Amino acid sequence: MSFKIKHYVALSTLSMLALFCTMVLLRGGFRQLGTTPPVVSIESGLIPTRENATLVFLARNSELKGVLTSMQNLENRFNHKYMYPWVFLNDEEFTNEFKGRVMLETNAKVYFGLIPKEHWVQPAWIDEEKAEESRRRLTEQKVIYGGSSSYRNMCRFNSGYFFQHPLLQQFKYYWRVEPNIKYFCDMNYDPFRYMIDNNHTYGFTIALYEVPETVTTLWESVNEFISQYPQYIVNDNAKEFLSSDGGNTYNMCHFWSNFEIADMDFWRSDAYQAFFKFLDAEGGFYYERWGDAPVHSIAAALFLPKNRLHFFQDIGYQHATYQHCPSSDESMGNTCSCHRWNTIDTKKQSCLPQYKALYMNTSIRIDRAQGLFPWW
């Protein structure tokens, strides 16, 4: 290769690098690399007022493509107007490529955090032989993620630790985001503001059944906890969402937690902290495959009055094979790109009927007198 060609290639490479750096600087990217978020300040008139909230994304470097897909989708449908900050968490350090690509997708602040090892890895007190047997058994039963240790780490982290991360301490509300999700409808209001104005604590879009093989002793542990801490069970709760036979058994219904908008102060409360520590000591995250979805759902249904729960029926959402697509009435006039006949709400996998029954005069519930548990 001649000297002129080599010189031209070098200059072209430097020019491309300079352009990339300029784009990042223009978006405020380099100043977004801090690990402790400052208090958000908003220039009056530029964007709507933001609440004390953030978008939380647990992701790996290898998931970059799916991360960008989700960010583009949520930014286009909602966050380009409000510019809520993003918080990315990983059990390994994020690469510079990951950080740079992510920061180019938003004008909002972005923070990258490392998960403490003690919040992620399997605790030393777990009997590994017993845990390995569980993974083998669920793999043979063809349960999704049945043989995965990292999935169990994630479920435990999302159940009891994500809201303790230093990056999230200044925030009260969060919106959970995952790779490769889709939002189908333009959002012409702020869901965080809606939660605050209506005194809601936990919001969801999809409710469905858990895989029974993953939670074989969870309900037994829940009832043991309740017998020891009855003071945490509130009046007018949503317990009938969880059981169809007076509390004798768990009906497997849960809010699908890959989408949730919630108040982190609830997870930080004495009731939930006691609940998580009790369940964690049972070992079910590793001896079975307890997920954060049933753990969050059971806590929200028992420790909160049912009017503190909210179904975001107007938010069209898809994760993996399941999606919620609002009907004409549910969409509240928002433009949606999904087919309204293609929604899990009307399929047998959905627990939405159990949720809606909580607010009806006639429901699928049984008489309370048939229940065996006094808290019921």
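What you're looking at is a predicted model, where local features need pLDDT of at least 70 and side-chain atom pairs count only at pLDDT 80 or more, while totals for chains, interfaces and linings use all residues. Residues are numbered from 1 along each chain as its sequence is written, and side-chain values use heavy atoms, with hydrogens and water left out.

Let's start with helix α2, residues 64–82. Look at Asn76, where a kink of about 65° is centred. The bend there is the angle between axes fitted to the seven residues ending at a residue and the seven starting at it. After α2 comes Met83, with a positive phi near 55°.

Now for the rings. There are 54 aromatic pairs in the structure, counting rings of Phe, Tyr and Trp (its six-membered ring) with centres within 6.5 Å; planes under 30 degrees apart are stacked, over 60 edge-to-face and the rest tilted. Tyr82 and Tyr84 make a stacked pair, 6.2 Å centre to centre with 20° between the planes. Both of these tyrosines, Tyr82 and Tyr84, are buried (under 20% relative accessible area, with exposed over 50% and partly exposed in between, using a 1.4 Å probe and protein chains only).

Phe255 belongs to strand β8 (residues 253–255) and Tyr355 to helix α13 (residues 352–357), so the pair ties together parts 100 residues apart in sequence. Phe255 is buried at 0% relative accessible area, and Tyr355 counts as buried at 5%.

Finally, the largest pocket has a volume of about 1100 Å³, taken as the space filled by probe spheres set on grid points joined across faces, edges and corners. (A pocket is an open set of points on a 1 Å grid over the protein atoms alone, with protein on both sides within 12 Å along at least five of seven lines; lining residues have an atom within 4 Å of a point.) Of its 44 lining residues, Tyr145, Tyr151, Met154, Glu178 and His319 are the closest to the centre. α6 gives the most to that lining, with six residues.

Terms used: Helix = DSSP H or I, 4+ residues; strand = E, 2+ residues; numbered from the N terminus. Expected span 1.5 Å × (residues − 1). 1 Å grid on protein atoms, 1.4 Å probe; cavity = no way out; pocket = protein on both sides within 12 Å on 5 of 7 lines; lining within 4 Å.
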